[in-house]
Amino acid sequence: MASKPVVRGLGAGRRASVGRQAGATTPVVDQQAARHLLIAGCGLDQTPIKATRASVLRVIRQLGFVQVDSISSVERAHHLILHARLDGYAPTLLTHHTEVSRTVFEHWTHDASIIRRDWMPWWAHRFAGSKERMLRDEWMRDRLGRNWRATLASVKATITERGALATRDFPRPPRAGEGWWDWSPHKSALEFLWRAGELAIHSRIGFEKVYDLSERVYGPPSPTSTRADLVTWACNEALTRLGAATAREVSQFMNAVTVAEANAWCQEQAAAGTVVRVLLERETRRDVPGFAQRNWQAAAARVDPDTTPRLLTPFDPLVRDRARLKALFNFDYRFEAFVPKAKRVHGYYTMPVLVGDALIARVDLASDRAAGVLRIDRVWIEPGVPKRRGSAQTTSACLRLASQLSLALR
């Protein structure tokens, strides 16, 4: 992101309204205020900062985690998330933190993610819950095989003796399938032990995981907190980044607690005055019950969104909740990678374009790695973007963004 193309005349960069009152007591968080709170929580309100090891870690700590996804049509999701926030980002900057300094770790939130390291103690609850669920899961038990206890013990013993290993380092049955989820017993055991917290991701070969004992990667486990402490921590962290949300959105931010637990916590904190009961404006409604940070009005009023155009991956924290995206930005987005080609409307890997507080376009992209370029199949300008000059500026900005992304990540 060396240059900074600006698309003008889009209404972006306005200061957020501070909400309206519903009746005498319950404030309404209108769409614009909610957008600004979320944009700030997603680290998209400021001009992209220079990419360094320190700034990569700072962005991850601000977001809490970045989602990992296997699709590399453009680039892996975690790299695209960081690229949208950092000027001159390169994947090697993140590799330092995942494989050298160990200031982040890889596990599950709402999905596979790279997570700030100081959050790891809270994952003891997830490790225990994952192990319990997997032991009940017929799909996992079927892939581990009839002698699943022996397979788990053998895989862990082998890693204990030999050190960090990948799936390729274990024998694969000659009749094992090649499908994405057609795991061999050893692959299944590695994933089981990783999700249960007994193994950790030591490194990656390309995108293939290399596993080692957790204590050899991150040291001895931390003491387990209580469930009540987990609920308080998870809900606090979620609401801090969402700004204003329903109890379900608070729960789904990390999938660390249930909706019932999140709702109970929000109700208790509202009664205590540490959070505020609000009504959320969502599309045509202004009466969706929710909760907000106590200082949400002042926080929203301070946000003046940066107008640097940004290409956002479908897995960006701003984009990944499709219902919230439509409710706050009036942007109806569908990820079409798993839609049959004949039925796609926009393309296999379409990236929304954010300018200020508006999603103004979507771009269908694909990497041509042989040629070392990123190809743009088509740019769609969203309704409401000024015609003629506005559309030309938007298309030009998208082309330049794609060019910068290609140079940074190939």
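Biologist: Is Trp 139 buried, partly exposed or exposed?
Modeller: Trp 139 is partly exposed, with a relative accessible area of 32%. Here buried means under 20% relative accessible area, exposed over 50%, and partly exposed in between, with a 1.4 Å probe and protein chains only. This is a predicted model, in which local features need pLDDT of at least 70 and side-chain atom pairs count only at pLDDT 80 or more, while totals for chains, interfaces and linings use all residues. Residues are numbered from 1 along each chain as its sequence is written, and side-chain values use heavy atoms, with hydrogens and water left out.

Biologist: Which residue forms an aromatic pair with Trp 139?
Modeller: Trp 183 does, in an edge-to-face arrangement with 5.3 Å centre to centre and 70° between the planes. Rings of Phe, Tyr and Trp (its six-membered ring) pair if their centres lie within 6.5 Å; planes under 30 degrees apart count as stacked, over 60 as edge-to-face and the rest as tilted. Trp 183 is buried, at 11% relative accessible area.

Biologist: Which parts does that pair tie together?
Modeller: Trp 139 lies in helix H6 (residues 138-144) and Trp 183 in the loop between strand E8 (165-166) and helix H8 (185-195), so the pair ties together parts that are 44 residues apart in sequence. Helices (H or I, at least four residues) and strands (E, at least two) are DSSP runs, numbered from the N terminus.

Biologist: How many aromatic pairs does the structure hold?
Modeller: There are 11 aromatic pairs. One of them is edge-to-face and joins Trp 123 to Trp 233, at 6.1 Å centre to centre with 75° between the planes. That pair links distant parts of the chain, 110 residues apart, with Trp 123 in helix H5 (residues 123-136) and Trp 233 in helix H10. Trp 123 counts as buried because its relative accessibility is 2%, and Trp 233 counts as buried at 10%. Ring pairs also link Phe 105, Trp 119, Trp 122, Trp 123, Tyr 218 and Trp 233 into a cluster.

Biologist: What else is Trp 123 in contact with?
Modeller: Leaving aside neighbours within four places in sequence, its contacts (heavy atoms within 4.5 Å) include Thr 109, Ile 115 and Met 254.

Biologist: And the largest nonpolar core: which members touch the most others?
Modeller: Trp 123, Met 254, Leu 318 and Phe 329 do, in a core of 78 residues. Helix H10 (residues 227-242) gives the most to this core, with 8 residues. A second, separate core has 20 residues, including Trp 148 and Phe 192. By nonpolar core I mean a set of buried Ala, Val, Leu, Ile, Met, Phe, Trp, Tyr and Cys residues joined through side-chain atoms within 4.5 Å.

Biologist: Changing topic, what is the order of the strands in the open sheet?
Modeller: The order is E14-E15-E16-E17, and the pairing is antiparallel. Strand E14 (310-311) and E17 stand at the edges with a single partner strand each, so one side of each is left without a neighbour in the sheet. Two strands pair if DSSP finds at least two bridges between them.

Biologist: How many bridges join E16 to E17?
Modeller: Strand E16 (residues 358-368) and strand E17 (residues 373-381) are joined by 8 bridges. The two form a hairpin with 4 residues between them, and Gly 372 in the turn has a positive phi of about 70°. Across the strands, Leu 365 stands opposite Ile 376, and Ser 367 opposite Leu 374.
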